[in-house]
Amino acid sequence: MVVFRFGVILTPECLDIEVFVLGSRPEMGHWDPNRAVKMNPSRSVLSTCEPCLWIGDVSLSETGTQTRLWFKYIKSVDGNYIWRGT
């Protein structure tokens, strides 16, 4: 088992934003937003004017060194998913 720590800095559009990481591996939801890994802000989100670091840990089973890992960040705002780049 290998633990990957993902991080992304973003400025939230609203205070009740949720941020997720998902990807090509089953442990990361296999591109299904409903199975994505929720990320947590590194501090309280108090403003929509300040960027914040979001962190999420994912435990991946080791399947060999040739297995590629593709991932994206997504946000949930008002129940709608917004896809972000890697």
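**A loop residue and its surroundings**

Author: Arg25 lies in the loop that runs between strand 2 (18–23) and strand 3 (37–41); strands here are DSSP runs of E with at least two residues, numbered from the N terminus. This is a predicted model, in which local features need pLDDT of at least 70 and side-chain atom pairs count only at pLDDT 80 or more, while totals for chains, interfaces and linings use all residues. Residues are numbered from 1 along each chain as its sequence is written, and side-chain values use heavy atoms, with hydrogens and water left out.

Arg25 counts as buried because its relative accessibility is 11% (buried means under 20% relative accessible area, exposed over 50%, partly exposed in between, with a 1.4 Å probe and protein chains only). The side chain of Arg25 reaches the backbone oxygen of Ser61 at 2.6 Å.

Asp57 is placed in strand 4. With 40% relative accessibility, Asp57 counts as partly exposed. The side chains of Asp57 and Arg5 are joined by a polar contact of 2.7 Å (a pair of N or O atoms within 3.5 Å; within protein, one must be able to donate a hydrogen and the other to accept it, and residues adjacent in sequence count only if both atoms are side-chain atoms). Leaving aside neighbours within four places in sequence, Asp57 is in contact with Val3, Phe4, Arg5 and Val37, where contact means heavy atoms within 4.5 Å.

Ser76 belongs to strand 5, and its relative accessibility of 9% is why it counts as buried. Not counting residues up to four places away in sequence, Ser76 touches Asp16, Ile17, Glu18, Phe20 and Tyr81.

Tyr81 also takes part in a nonpolar surface patch with Trp31, Trp70 and Trp83, which together have about 460 Å² of accessible area. Of these, Trp70 is found in the loop between strand 4 (52–60) and strand 5 (71–77). Patches are made of residues with over 30% relative accessible area and no salt bridge; nonpolar side chains (Val, Leu, Ile, Met, Phe, Trp, Tyr) are joined within 5 Å, like charges within 9 Å. Accessible areas come from the Shrake-Rupley method with a 1.4 Å probe, and for residues only the protein chains shown count as cover.

As to confidence, the mean pLDDT (the predictor's confidence in each residue, from 0 to 100) is 89, and 92% of residues reach 70 or more. Confidence is lowest in strand 6 (residues 80–84), at a mean of 84, and highest in strand 3, at 96.

Definitions and conventions. A salt bridge is a side-chain nitrogen of Lys or Arg within 4 Å of a carboxyl oxygen of Asp or Glu. Helices (H or I, at least four residues) and strands (E, at least two) are DSSP runs, numbered from the N terminus.
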